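Dear colleague,

My notes on it follow directly after.

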Amino acid sequence: MYGIVNKAIEELVIQKFGQEKWEAIKERSGVDIDYFVSIEPYDDEITFLLANAVAEEMSLTIGEVFRAFGEWWVLHTAKQKYSGMMEAGGSNLMQFLKNLPQFHNRVMLIYPRLTPPEFSTSHIEDSSIWIHYRSKREGLQEFVFGLLSGLSALYETPATIELVQSRDTGSDHEIYKISW
Amino acid sequence: MLGKLNLNFDREQFNRLFPFFVLIDSHLTIVDAGSSILKMKPGLVSAPFQDHFKLMRPTIENLEFGLLKDRIQELMVIHLARGSTLIPLRGQLEFMAGDNRLLFLGSPWFNSPDEVNQLNLSYHDFALHDPLVDLLHVLKNQEINAIELKDLLTRVNRQKNELKRLSFVASSDEYGVLFTEINGNISWVNQGYSRLTGYEPQEIQGRTAVSVLRGPRTEKELLREMVTAFYEGKNFQVELTCYRKDGTHFLGRCKGQAVYNRSGKLIEYFAIIEDITEAKAREEQFRILSLIAEENQNGVIIADPEGNVTWMNKGFEQMSGYCLDDLKGKKPGDVLQGPNSDPETIRYLSHQISTASTFQCEILNYTKTGTEYWVRIQGQPIRDKAGKLTSYFALQEDITIERAGQEALRRSEERWQFALEGAGDGVWEYNFQTGEVFFSQQYKRMLGFEEGQFLNNFNEWESRVHPDDRTVLDETERLYKSGLMSHHQREFRMRNAAGQYIWILDRGMVVSRLENAQPLRIIGTHSDITERKSAEQALTFKEEKYRNIIANMNLGILEVDLQDRIQYANPSFVEMCGYAMEELLGMNARTFLTSAESDALMTEKVAIRTKGKSDAYEIAIKNKRGEPRWWLVSGAPSYNEKGELIGSIGIHLDITDQKELQKELLDARELAEASSRAKETFLANMSHEIRTPMHAISGMVALLLKTKLTPTQKFNLEVIRTASENMLIILNDILDLSKLEASKLVMEKVGFELEPVLRKAVQVMKIKAREKRLDLSLDIKLDGIAGVLKGDPYRLNQILFNLMSNAIKFTEMGEVKVHCQLEHNEENRQFLRFEVSDSGIGMDPEFMAHLFEKFSQEHQSTSRTYGGTGLGMNITRELISLMGGEISVQSRKGIGSTFTCILPFETGTKGDLPAELKADNVGVVFKDLQVLLVDDNEMNRLVANTLLHHLGAVVTEAVNGQAAVNLVTEDAGFDIVLMDIQMPVMDGIEATALIRKRMGNKIPIVALTANAMKSDVEIYKKAGMDAVLSKPFTEPGLVNLLSMVLSNNTTLEMKKEEPKYYDLQILKEMSIGNQEFIPKMLNLFLSQTPLLVLEMKEAIDQHDLSRLSKIGHKLKSMISTLGISELKDDIRTLEKASTLNVSAARIEPVFQKVEKILAIVLRQLADEITDY
């Protein structure tokens, strides 16, 4: 993942728990990188190590960490650095979600080393939509969940998110049903 | 490639591809524009191109369609004017031949993604194929990157600086710094280390620190300590011998610190080594020196060049009481010196110190607690190698004791001097050998001489001694010379300067002798004891005086010791007790005592004496002859000169005669009291005994008179009545007199109206007057007389009756006039003048003098002619004086008499008048009145019963209080109780008290008593009686009193006002002549109703509404038949209770009303039935 992701984790931890805690978490993670460069790609493992360290240090589950991170990503990082692009995504939740696949396709060119996941939509109704998430990576389901809930907050549209199916339960990909 | 490509776009398609297109015609008018450009600036269509756009590149002067047309192969930049901003658009032109139009295709140019937002454009406003915004994003990332790089560089720089700083530390020369890995191998050393040990870093890299440093002398224990700490990952500090490369050694202080990472893992060791060889050596030297100084008993201070203390030893602390903290930084003088420290010395000290010189002095210091002590100080400046003053060293020696000795000596000399001179004694010294004599100044002064006036001359001195006392001097001289005496004390008189003789106490002592033990020098003092001497004489004189008094006084003085043994008795005591003086001394004082009581009394008094108390008491004794006597003793403790109790002294007086007299008086008093009590009892008894039969007689006579009688019988009865009335009058008189004599007659104080009382009294007397054909008139002057007076109207009546009856008795013809007027007024009372004048036989002066005496009548014959006991006047006068008034008489024999009495009455108000009796209520009140008559006397009962029955009352009799109590308990419904007082078994008072207190019964109780004395009335009222009726009572009296008592009782009122709750009209109609019907019905009602009421109550308690309704229904018919209209609605409520589901709260009061009214009806009907 690009440095911006790890940087976002750092920002999240520092903001919520303080600089000291971040140092401790970094120490715990064993990640010996002094500084994350936003536009540089880093090993995916680093992100997982950091997330694990956060989970251990703060006595949370890794799922909780990723979910929190997902929300943070939307509500802070994306808002700050990709605000225009977020808008481009859509002016309301439904629009954005419908545009999600296209959005990722766009992003792919800017970040050549990014291996973005594949999003598709189905079961589009007046106020609900199914989001299909396909990824080679394991373990980011909660992150996606967090992103979706972050989006709901960003568009000020309180929504419920259900995990219709998941790889954890034998399916080949995750489907999230969002309704509001 | 040329040719045509037939692609037809609709506007929407075209706009999607080129949202920023602009189409202009040959007039340079905008024909159409893309939605996005229109979004940026609406209203472009049909507007001139140049109004909104400006061509930037290529630059064309005077823009023209044709000119533009020519430039279609060039890159074009146009600016769209929007407000004050110019938005650049980058694109190209194409010529549309068909319409002769020019088409601009392009899109806005931005430098950053933020600019897009500023123009309110979103990504949607751009064609998807337009990569501009994405590229902008890429740019943005580069920006971010640059920022981050800068940030990173700043951090690196900061860290570098910190490292640099640390590296200075590390590279310092003084200290050796080394880092080792956790296995102990040296990973890094600084330059200092190299310098210290002689090893270069590369030489020792990888070797353990210990192996490098150790050598033969290295302290094994310290080494072990270090290593142990190291392996335990702990910090350490040791000072041990370290070895250099060249084999030399030094003392090194090694401080090692374990370094842990954040996770708590030991990652390396860091140590500092310091060469402390020299420092240690110096320390040791210092330690030895300070030990010397410390242990020195003397005080040692070390001060800085200014003289401020920097160190002091234990000795100093002990000496001064201060510790180092108290004095550090201060000048010793400032703290240690005090008020008595010599200022001169202080100045010397500060001078020496300021000139950095040595000093030595003795000065007074003060300890911390303020004690003074003397020190000898020796001070010395200490200089460094350069000769500069670095500190002061001072040794202090405590010389207090040394000085004290000197001081003591000086002071004792001073004291001696003062004592001698100041005390007023004269001092002299005499040399036996030379005869020389010395007198001190004070000596001379004592005799009234100044220094020069009295010479130290023996003969002169001797001449002043009183001639009579000179022998004393000779005697002492002889004794001294013979060696028999070494000191003396004597008193003699000396003539002073004024020529008077003063008494001298002379004391002397031999202070030095010759070798043959003969006295050589003698010194002594003379004190003026003149005063003392005269005091002594006065005392002796006083003693004589008192001794004489004691010997000669009439009181006996006895002195005993603590064992009651007589130590001294004076002559009077000897006389008193009959024993001889010799017999008395040593005798035990208790010998005089006669009884156990007096013995006990003495013991008690002895005990009191030991407490130091004095007191007086009477005690029975017997004298030598065995005669019993009474003594009054005033005893006091006696003390010796030390103040110790040694016994007691008593003054004794024989009071036997007085005691006798006392006894006689007591006996007489008892007798008098007994007789007085007897008199009282007699009065009470007589009163009762006489009145009872009298009561019966007059009562019976009155009753008889009411029955059918023959004229003869009536006449005879009248005679009996008159006789008994007269007898009663006489009896009352006698009783009154007795009461007056026993001072038992008490005046009432009730409110009354004067006029009616007077009128009534005159009315009664009119009959008597008419019998003798005399005129009796009443004249009242009411002006100024109060409407209501307070007094005893009964007694007033009595007085007036007496005066009037006398006037009538002693007047044969003419008139009797009664006159009343206000005599004079006071604040709360008035004096009234009553005059009774007659035209009777009159009295002559001799008789008038004795008029008011008992039994006085003019002639013996008068009583037979005129009757009477002759008590009347006496009683009248007694009554008048008891009332606080006075009576006087004027009379002329043959003309007539006028009796004048003046009586005071308190003024009262209407409220003071007793409650009025309503005579018209009589019949109503007494009918069916339930009376309980309690009297042990059958006659009395008969009288009262007949009277009451005649009035319509129902009487129940009880023979004593106990029976009455039993009857009242059963609650037989009595309205009133008439209670006699004196009864056997239980008297009236006890019975009333029982009824009231124990049973809480408030039934009216009237006391019937022959004793109507006020004190008794109080007793009766207190016991709970409501009123008192005195026997014998008359019918009106009884009626009035009962009416009064009962009208205060509400139950009677209720009875009076109780309406009939039922109406027999319906029954009457139903009966249609059947006589039996009504009483039958009434009986039915009377028998059934109480049961029904009970059942109803049960039903209510059990909340059984249906049962309640059923009973209510039953009762309803009865209630309506009997016309009990009051309960019509209430019974219906109860009847409907269950259907209407009436609440318990509502039922309760309704039922209570029904119950009550029905009870009254039952009672009223019970009465009704008897009429049928």
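This is a predicted model: local features need pLDDT of at least 70, side-chain atom pairs count only at pLDDT 80 or more; totals for chains, interfaces and linings use all residues.

Residues are numbered from 1 along each chain as its sequence is written, chains are lettered from A and ligands numbered from 1 in the order in which they are written, and side-chain values use heavy atoms, with hydrogens and water left out.

Chain A

Chain A contains seven helices and four strands (DSSP runs numbered from the N terminus: helices are H or I with at least four residues, strands are E with at least two). Their order along the sequence is α-α-α-α-α-α-β-β-α-β-β. Of its 180 residues, 52% are buried (buried means under 20% relative accessible area, exposed over 50%, partly exposed in between, with a 1.4 Å probe and protein chains only). Among contacts in chain A with a separation of 6 or more, 60% are between residues 24 or more positions apart (contact means heavy atoms within 4.5 Å). One residue of helix α4 (residues 62-81) of chain A is A:Thr77, which counts as buried because its relative accessibility is 3%. Beyond its neighbours within four places in sequence, A:Thr77 is in contact with A:Ile4, A:Ala8, A:Trp72 and A:Tyr82.

Nonpolar cores

The largest nonpolar core has 89 residues, and B:Ile37, B:Phe53 and B:Leu68 have the most contacts inside it (such a core is a set of buried Ala, Val, Leu, Ile, Met, Phe, Trp, Tyr and Cys residues joined through side-chain atoms within 4.5 Å). Helix α6 (residues 93-110) of chain A gives this core its largest share, eight residues. A second, separate core of 47 residues includes B:Leu737, B:Ala761, B:Ala769 and B:Leu796. Residues up to four places away in sequence aside, B:Phe53 touches B:Val22, B:Ile30, B:Ile37, B:Leu44, B:Ile78, B:His79, B:Leu80 and B:Leu89.

Strands of chain B

B:Val22 also stands opposite B:Phe104 in β6(B). Strand β1 (residues 22-24) of chain B runs antiparallel to β6(B), joined to it by three bridges (two strands pair if DSSP finds at least two bridges between them). Strand β5 (residues 85-96) of chain B pairs with β6(B) in the antiparallel sense over eight bridges, with B:Glu94 opposite B:Leu103. These two strands, β5(B) and β6(B), form a hairpin with four residues between them, and B:Asn100 in the turn has a positive phi of about 55°. In strand β6 (residues 101-108) of chain B, seven of the eight residues are buried.

Surface patch

B:Leu5, B:Leu7, B:Phe9 and B:Leu17 make a nonpolar surface patch of about 420 Å² (patches are made of residues with over 30% relative accessible area and no salt bridge; like charges are joined within 9 Å, and nonpolar side chains, Val, Leu, Ile, Met, Phe, Trp and Tyr, within 5 Å; areas come from the Shrake-Rupley method with a 1.4 Å probe, and for residues only the protein chains shown count as cover). B:Leu17 belongs to helix α1 (residues 11-17) of chain B.

Salt bridges

Over all chains, the structure holds 62 salt bridges (a side-chain nitrogen of Lys or Arg within 4 Å of a carboxyl oxygen of Asp or Glu). One of them joins B:Arg478 and B:Glu475 at 3.0 Å, N to O.

Yours sincerely
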